[in-house]
Amino acid sequence: MELRIRGERAVLAGPGGEHAREVDPHKLAIGADLAQALHEWARVASAVAAGSGAEAGAVVSQRGRQLAGRLAAVMGTTVRFVDPVTGADTVVEPPPRAGEPGHRFVRAVLGPPGPPGEPTPWLTGLTVSAFIAAVVVVAMLALATTLARETSGWLALVASVVVTAGITPSLWLIRRTPILRWAAYGAAAGVVIAWVGVLVIAF
């Protein structure tokens with residue numbers, strides 16, 4: 001599509017500049033504001049072409065290129081801008097469109113999520129997880145052993161169920177929180193491991 005001046009009107013032409021037609025906001029889906037801006041620019045360009053300084057001509061040329069860019073973005077096609085002052089042709093490409101949500105590629109990342117742009121602290125994180133897991137295992141087994149020896153195995157089992165049910169919501173809430181997520185992973189692993197010992201102690 002070609003944007004040029006005819007008299008005091010801005011016109012659009014098809015390929016090759018043939019069959020030029022005036023910009024009409026009712027016939028072209030460019031909006032009344034853009035059509036009005038094109039016509040105002042055309043009137044100013046005609047006055048400048050009739051006889052003005054180089055500075056005014058440069059302003060008209062720059063404004064014309066800006067409007068050609070808006071036109072290319074609105075219509076989604078290449079616009080050939082014919083400068084009314086210098087006669088130079090400029091090809092204006094439409095801006096690239098963002099991809100549709102359905103066509104986005106998602107990369108699967110194994111392991112706990114981390115803040116974007118930062119490396120995952122595997123060594124430190126796994127060390128913290130192992131320490132927390134050991135503390136949870138020792139604590140749960142100590143509780144189960146004491147209750148089973150002093151009272152009964154069933155009470156040790158019930159106490160372990162209460163402890164597990166009590167800490168599970170907290171672990172679930174902090175599973176994606178930076179730093180604290182490593183403690184959640186360790187505590188969850190410790191509960192699972194401790195349950196093997198609790199069952200042995202209870203029965």
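I took helices (H or I, at least four residues) and strands (E, at least two) as DSSP runs, numbered from the N terminus. I kept in mind that this is a predicted model, where local features need pLDDT of at least 70 and side-chain atom pairs count only at pLDDT 80 or more, while totals for chains, interfaces and linings use all residues. I also noted that residues are numbered from 1 along each chain as its sequence is written, and that side-chain values use heavy atoms, with hydrogens and water left out.

How many aromatic pairs does the whole structure hold? My search found 3 of them, where rings of Phe, Tyr and Trp (its six-membered ring) pair if their centres lie within 6.5 Å, and planes under 30 degrees apart count as stacked, over 60 as edge-to-face and the rest as tilted.

I looked up Trp154 and Phe203, an edge-to-face pair with 5.4 Å centre to centre and 85° between the planes. This pair links distant parts of the chain, since Trp154 lies in helix H4 (residues 153–173) and Phe203 in the segment after helix H5 (180–202), 49 residues apart. Both Trp154 and Phe203 are exposed (over 50% relative accessible area, with buried under 20% and partly exposed in between, for a 1.4 Å probe and protein chains only).

I then turned to Trp182 and Tyr185, also edge-to-face, at 6.0 Å centre to centre and 85° between the planes. They are separated by about one helical turn because they stand 3 residues apart in helix H5. Trp182 counts as buried because its relative accessibility is 5%, whereas Tyr185, at 29%, counts as partly exposed.
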